[in-house]
Amino acid sequence: MSGPLSQVLSFDHTTELLVALAVGVGFGFTLERAGFGRADNLAAIFYGRDFRVMRVMFTAIVTAMLGLYFLDLVGILPLYSIGILETFWLPQLVGGLILGAGFIIGGYCPGTSLVGSASGKVDAMLFVLGLFGGSLAFVLGGSTLVPLQNATPMGRVLLHEFFGMSSSVVVLGVVLFAIGCFVAVGKIEALVNRGRAEQ
Amino acid sequence: MSEPERIWWNPYVAGVALGLVALTSFVVTGRGLGASGAMKRTAAAAVRTASPTFADENPAISSMIVPGQSLLSDWIVFMAVGVVAGGAIGAVTRRRFRVETVRGPRIGVESRWVLAVVGGVLSGFAAQLAKGCTSGQAVTGGAQLALGSWIFMFSVFGGAYGLAWFVRKQWV
């Protein structure tokens, strides 16, 4: 086989929806078990107290990356048979900054707010209400905003292509970067929490 | 933090599990994870119900329209429904489903509610601008090594760290 199962087995629309539902259940369950259904667990990273968010996120990225690049290497799932995200650097940079602001102000990101709501958190439900409002505003302003969303297109460009390096070097680099971050944040946590204990 | 209901998975275990969920999604569907796209479709579906003509003429909505099909009949919407179900299963099976407002010790409930809505509005708008959120861009595109997703991820951390001092009373 070569390519995602949905193409190899040519899933119909209903199958596609049911598979997405099942993946979503696994996704939501994992986020909940990770502690991401509570805003205080999520916000702690931005005060140096608990870098759980970074540990989970970088470990997830490394795990999925190693899997993807291995399956590409052995020819089971060629990278370009899946939906590689396109780069629009400016809207992604600006959107990231605003989403980060929304994260620290609201306490969640879109996925975790769904889990928080499902755990009974009123603040998460209000965040979801806000998400709907923000999305509605974007959609209503579509004529003006869609061109901004599509500005500075670079197409499907991967890090190693951009830097003109071998993919194996970048994959290894990402693994080392993640490990370096884990070591560094452990030290930051120790410093911050020792400082708090002394107060 | 000692009560049993507050015990979470080890973060590295949770990270491997989350990575495997994403990898499964790639292998089975050819797509990664996502959440904010469901909000966009819900908003677009509401607009389309109110005014089909406006929806047809609006590029943010018309690009998603498949003739004879609801805007909600899409994988990303079903995934979001699954996330809610999976989150509820996780909370209920650990007996930590509780209706409450999560906030730091130095902020009132009403202020926390206002900030939650404001943060949601900003995030909803931003996720559309960036064509994805922490799930759809940072985790999915991060694992693919997509350039824009890495730009996005560093920007999210930058935006949040940049503002953290100003809203510290909400959390610490």
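**Entry 1: Gln7(A)**

I started with Gln7(A), which is partly exposed because 14 other C-beta atoms lie within 10 Å. My scale: a residue is buried if 20 or more other C-beta atoms lie within 10 Å of its own, exposed if 12 or fewer, and partly exposed in between, with C-beta atoms placed from the backbone. This is a predicted model, where local features need pLDDT of at least 70, side-chain atom pairs count only at pLDDT 80 or more, and totals for chains, interfaces and linings use all residues. Residues are numbered from 1 along each chain as its sequence is written, while chains are lettered from A and ligands numbered from 1 in the order in which they are written.

I found Gln7(A) in helix α1 (residues 5–8) of chain A. Helices here are DSSP runs (H or I, at least four residues), strands are E runs of at least two, and both are numbered from the N terminus. Leaving aside neighbours within four places in sequence, Gln7(A) is in contact with Ser81(A) and Gly30(B). I call two residues in contact if their C-beta atoms, placed from the backbone, lie within 7 Å. I also looked up Ile82(A): it is 75 residues from Gln7(A) in sequence, yet their C-alpha atoms are 9.8 Å apart in space.

**Entry 2: Pro4(A)**

Next I went to Pro4(A), in the segment before α1 of chain A. Is Pro4(A) buried or exposed? It counts as buried, because it has 21 C-beta neighbours inside 10 Å. Beyond four places in sequence, I saw Pro4(A) in contact with Leu77(A), Ser81(A) and Ile82(A) in chain A, and with Phe26(B), Val27(B), Val28(B), Thr29(B) and Gly30(B) in chain B. Ile76(A) is 72 residues away from Pro4(A) in sequence and 8.5 Å away in space, C-alpha to C-alpha.

**Entry 3: where the chains meet**

I then looked at the two chains together: 112 residues of chain A are in contact with 111 residues of chain B. On the chain A side, helix α2 (residues 13–34) gives the largest share, 18 residues. I sorted the chain A side into 68 nonpolar, 34 polar and 10 charged residues. For that sorting, Ala, Val, Leu, Ile, Met, Phe, Trp, Tyr, Cys and Pro count as nonpolar, Asp, Glu, Lys and Arg as charged, and the others, Gly among them, as polar.

I checked the length of α2(A) too: its 22 residues should span 32 Å at 1.5 Å a residue, and its end C-alpha atoms are 31 Å apart, which agrees. The expected span is 1.5 Å times one less than the number of residues. Just after α2(A), Gly35(A) takes a positive phi of about 95°.

**Entry 4: the core**

Which residues have the most contacts inside the largest nonpolar core? They are Ile61(A), Met65(A), Leu99(A), Ile104(A), Ala22(B), Ala44(B) and Met79(B), in a core of 108 residues. Such a core is a set of buried Ala, Val, Leu, Ile, Met, Phe, Trp, Tyr and Cys residues joined through C-beta atoms within 7 Å. Helix α4 (residues 52–73) of chain A supplies the largest share of this core, 11 residues. Domain 1 (1–99) and domain 2 (105–172) of chain B both give residues to this core, so it lies between them. These domain bounds come from an automatic or database domain assignment.

Leaving aside neighbours within four places in sequence, Ala22(B) is in contact with Ala60(A), Ala64(A), Gly32(B), Leu33(B), Val139(B), Thr140(B) and Ala143(B).

**Entry 5: chain B**

I found nine helices and zero strands in chain B. Of its 172 residues, 56% count as buried. The centres of domain 1 and domain 2 of chain B, taken over C-alpha atoms, are 17 Å apart. Their contact takes nine residues from domain 1 and 10 residues from domain 2 of chain B.

I picked out helix α6 (residues 109–129) of chain B, in which 15 of 21 residues are buried. After α6(B) comes Lys131(B), with a positive phi near 60°.

**Entry 6: confidence**

Finally I looked up the scores: the model has ipTM 0.96 and pTM 0.96. Chain B has a mean pLDDT of 95, and 97% of its residues reach 70 or more. pLDDT is the predictor's confidence in each residue, from 0 to 100. Over residues 1–5 of chain B the pLDDT is below 50, and this stretch has four contacts in the model beyond near neighbours in sequence. Where pLDDT is low, the predicted coordinates should not be read in detail.
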